[in-house]
Amino acid sequence: MRATFESWLHRQWTKRGLLAWALSPLSVVFLCMARNRRMKTKPHRLPVPVVVVGNIYVGGTGKTPVTIALVKELVKRGYHPGVVSRGFGRKEDAPQMVLPDSPAVNVGDEPLLIARQTQVPVAVARDRVAAALLLLDKHPECDLIISDDGLQHYALARDVELAVVGARGLGNGWVLPAGPLREPPSRLDEVDAIVLNATEDSFDSRTPRFAATATLGRAKSLDGSRSFSLDDIAQMKKPVLAAAGIAAPGRFFAMLRAHDIEGPEMELGDHYAFDDNPFKDCKEEFILITGKDAVKCRQHPDIAQDPRIYTVEYLVDIDPYLVDLIEHKLKEKAQK
């Protein structure tokens, strides 16, 4: 039900139809409140540089895979980054360190995925400054903070801002609730770089743009004991179910179809909690899920023991010139 509503809402936000025009007065109120909050917020400067990876489109644009790819590239270049995130869906707001085996309900699915895939320190809190201070206290070796999301969290002073534009582009270009944007498109003129992640939308901005290229890797069982290439699965001609609890599941499904994997597709809704087992009545021999869903499935006893479930690797390559730009900006700020 939730996934159906989310899909319907995002379809409405692709156009300036009757619903959008009816809600437009509320968007003016939202925009005024957001601008007033930003003006009144005093940024807190951390003792290390901060890079924010965010967006202006509400919901998923692929920020977390971009964050993971960026962290890995920065590690290769000799940095010791740590990551902070809100931890969507957490039951409490207090800052907390994320461990690879932390319960997803306590730290959020995306921070847990980042911790598992990057092996760098990760901290979560609604207050990103508090999360960063905890991280630096526990890991003083960190010389750089990456904020996964938080473009609108102005309490955290930042040295570099990256805005990720995902498959849905900028929708109808209006802010909430008449449109899908947290801030107007003009906000993209203020960031240091725009990362285009599977979008074909065109929009005006003088900000440098860089592409993020996504591919699917191998499918691995939840316990890690078995793996197949997607082409191998396609050649087996066995019934396959594709399931995704992410913001834009259609892209995941389309990428599987590009490997000739056809079958039922299950949209679970973004940040699906897996409190219940959605696969218990499924008859397919393979169930392919995303990494974001896998960190929660491994913590669900019934799902974790299901040998049909395989996590499909989602691999993102970012333009090395983007990392060059970030390094240049950081060195430029350090000299001031």
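What follows is a short tour of selections, with a note on what sits at each.

This is a predicted model, where local features need pLDDT of at least 70, side-chain atom pairs count only at pLDDT 80 or more, and totals for chains, interfaces and linings use all residues. Residues are numbered from 1 along each chain as its sequence is written, and side-chain values use heavy atoms, with hydrogens and water left out.

**Stop 1: strand S10.** Select residues 240–244, strand S10. Strands (E, at least two residues) and helices (H or I, at least four) are DSSP runs, numbered from the N terminus. Five of the five residues in S10 are buried, meaning under 20% relative accessible area, with exposed over 50% and partly exposed in between (1.4 Å probe, protein chains only). Val 240, Ala 242 and Ala 244 point one way, while Leu 241 and Ala 243 point the other.

Look for Val 240 and its bridge partner in S12, Phe 286. S11 (residues 265–267) also pairs with S10 in parallel, over three bridges, and there Ala 242 has Glu 265 as its bridge partner.

**Stop 2: Asp 293.** Which helix holds Asp 293? Select H9, residues 291–297, to find Asp 293. Leaving aside neighbours within four places in sequence, Asp 293 is in contact with Ala 243, Ala 244, Gly 245 and Phe 274 (contact means heavy atoms within 4.5 Å).

**Stop 3: the salt bridges.** There are 20 in the structure. Zoom in on Arg 45 and Asp 159, whose closest N and O atoms are 3.0 Å apart. Next, show Lys 220 and Glu 313, which meet at 3.1 Å, N to O. Lys 220 lies in strand S8 (residues 209–221) and Glu 313 in strand S13 (residues 309–318), so this pair ties together parts 93 residues apart in sequence.

Key. Two strands pair if DSSP finds at least two bridges between them. A salt bridge is a side-chain nitrogen of Lys or Arg within 4 Å of a carboxyl oxygen of Asp or Glu.
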